[in-house]
Amino acid sequence: MPSLEIVSLSVNKIRTLKPFANHRNIRELYLRQNMISDFGELEFLQNCSNLQVLWLSENPIADYPNYRQTVISILLFLSKLDDLNITEWLKQYSKEQDDSYVRGFLGRMLFSGDESLKKVK
């Protein structure tokens, strides 16, 4: 199934994102209400550069204090995380409102760091 583009697997007790690692055509991935608890799982999505929409709300990972910042810093190509338009959200931190500026520079500067390496308890 390498040609998958939209995947909806909410409420399935999924614990790992490893099965998605080789699905580079995925554009939308809906995984609400599963068991994903470790930011390290996002590494399996780093080669999914066509991924624009990711829903992870109501997973243990979403309870982490810097959840949004961490996911965005790992998956810079996303345009939407859960119900959040990422570019619009980032603009609140910038005087410059140009979309490409916000996405390209500010996102990396604001949300880089070691937070993405911590596990959720």
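Are phenylalanine 39 and tyrosine 64 buried or exposed? Both phenylalanine 39 and tyrosine 64 are buried (buried: under 20% relative accessible area; exposed: over 50%; partly exposed: in between; 1.4 Å probe, protein chains only).

## Basis

This is a predicted model, in which local features need pLDDT of at least 70, side-chain atom pairs count only at pLDDT 80 or more, and totals for chains, interfaces and linings use all residues. Residues are numbered from 1 along each chain as its sequence is written, and side-chain values use heavy atoms, with hydrogens and water left out.

## Sheet

Five strands form an open sheet in the order S1-S2-S3-S4-S5, with mixed pairing. Strands are DSSP runs of E of at least two residues, helices are runs of H or I of at least four, and both are numbered from the N terminus. Two strands pair if DSSP finds at least two bridges between them.

Strand S1 (6–8) and strand S5 (84–85) stand at the edges. Each has a single partner strand, so one side of each lacks a neighbour in the sheet. S1 pairs with S2 in the parallel sense, over three bridges. Serine 8 stands opposite tyrosine 30 in S2.

## Aromatic pairs

A pair of aromatic rings is described by the distance of the centres and the angle of the planes. Rings of Phe, Tyr and Trp (its six-membered ring) pair if their centres lie within 6.5 Å; planes under 30 degrees apart count as stacked, over 60 as edge-to-face and the rest as tilted. The count by this rule is two aromatic pairs.

The ring centres of tyrosine 30 and tryptophan 55 are 6.4 Å apart and their planes stand at 35 degrees, so this pair is tilted. Tyrosine 30 lies in strand S2 (residues 28–30) and tryptophan 55 in strand S3, so the pair ties together parts 25 residues apart in sequence. Tyrosine 30 is partly exposed at 22% relative accessibility. Tryptophan 55 is partly exposed too, at 21%.

Phenylalanine 39 and tyrosine 64 form an edge-to-face pair, 4.9 Å centre to centre, with 75 degrees between the planes. Phenylalanine 39 sits in the loop between S2 and S3, tyrosine 64 in the loop between S3 and H1, 25 residues apart.

## Serine 57 and helix H1

Serine 57 is in the loop between strand S3 (53–55) and helix H1 (67–74). Its relative accessible area is 16%, so serine 57 counts as buried. Beyond its neighbours within four places in sequence, serine 57 is in contact (heavy atoms within 4.5 Å) with Arg32, Gln33, Ala62, Tyr67 and Asp82.

Tyr67 is also one of the buried residues of H1, with Thr70, Val71, Ile72 and Ile74. The buried residues of H1 pack against S3, strand S4 (80–81) and helix H2 (86–91).
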